[in-house]
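Dear colleague,

Please find the structure below, followed by a short account of what was found in it.

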Amino acid sequence: MFPKSLLGAALIVMSSAGMALAVASALADPVKPSQVASAGDLVAVVEDVVKSLEPTVASPQSFDKNKEEVEHKGYVIALIANAVSEAQGEAQWKGNAAAVRDKGIELAKAKSQANAAKAVQGIKDSMSAAKPSGGSSGAKKYLDIAPLEQVMKEVNERNRAVTKNMRGTGFSRNKEAIARDAEMFALLGSIAREDKQAAEKAKKPQAEYEKYADELVAGSQQLAQAAKKADANGAKEAFNSVKKACSQCHAVFRPDIE
């Protein structure tokens, strides 16, 4: 038998090792969509998207010309609102996030200018209501709200914006917009991670797909932090990591996309 002193030391080592493994496991847990930004930051993004839609749904002519944009932005509103309902921190209309999400889905599926305008007004009413204004309770699975194609379309939209804002001397002028878009990268990457069909279609391990998604999220969070600190070099390095994760993932799972 072990002497008591050695046995005690062994138990301490085993206990410490167990704690280390638990910590490592916790650190390895994927970032959830609701963890990429505060509720207040997410609310601000939704409000910007809604504002951009107002002229688009103002007339039948504008709606007919921009149906795909309306559909896409409706899904984006719904996805972000879903994250608002789970995110940390207080924010205006957080209690109405489910209603905003559901109206976003209505907007995405609107087939006429009248229905689209009604949905946008419903979103605005839910954002300004003093009390909860309905909506199905609780958060939904993100890829039940919008298809992966819409998630990746928004990644491309945000990528174009960051690329433009990082160009030349633009970083110092646009660092707040870059930080916001980087948080959206992280949100969208964490949502895309939930997909199971890409790996199945490519006949590749799901773990490999998730690894690229995790790299996208990590790089995006680093980009957001660097932008908030006005660290241009750090932002450039982080953005390169984001682009690398995207291109490597596409090479394996979507070789039809450059």
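Contact here means heavy atoms within 4.5 Å. By that criterion, and leaving aside residues up to four places away in sequence, Ile77 touches Val46, Val49, Val50, Leu53, Val100, Gly104, Leu107 and Ile123.

This is a predicted model, in which local features need pLDDT of at least 70 and side-chain atom pairs count only at pLDDT 80 or more, whereas totals for chains, interfaces and linings use all residues. Residues are numbered from 1 along each chain as its sequence is written, and side-chain values use heavy atoms, with hydrogens and water left out.

Of its 71 residues, Leu42, Ile77, Ile80, Trp93, Leu107 and Leu223 touch the most other members. Helix α9 (residues 170-192) gives the most to this core, namely 11 residues.

Helices (DSSP runs of H or I, at least four residues, numbered from the N terminus) α4 (residues 67-86) and α8 (residues 148-166) pack with their axes 10 Å apart, at an angle of about 100 degrees. The axes are lines fitted to C-alpha atoms over the stretch in contact, and angles run from 0 to 180 degrees between N-to-C directions. The two helices, α4 and α8, are therefore roughly perpendicular (65 to 115 degrees).

Finally, the whole structure has zero disulfides (pairs of cysteine sulfur atoms within 2.5 Å). For Cys246, the nearest cysteine sulfur is that of Cys249, 7.6 Å away.

With kind regards

Note on methods
Angles under 35 degrees count as roughly parallel, over 145 as roughly antiparallel, 65 to 115 as roughly perpendicular and the rest as oblique. A nonpolar core is a set of buried Ala, Val, Leu, Ile, Met, Phe, Trp, Tyr and Cys residues joined through side-chain atoms within 4.5 Å. Buried means under 20% relative accessible area, exposed over 50%, partly exposed in between (1.4 Å probe, protein chains only).
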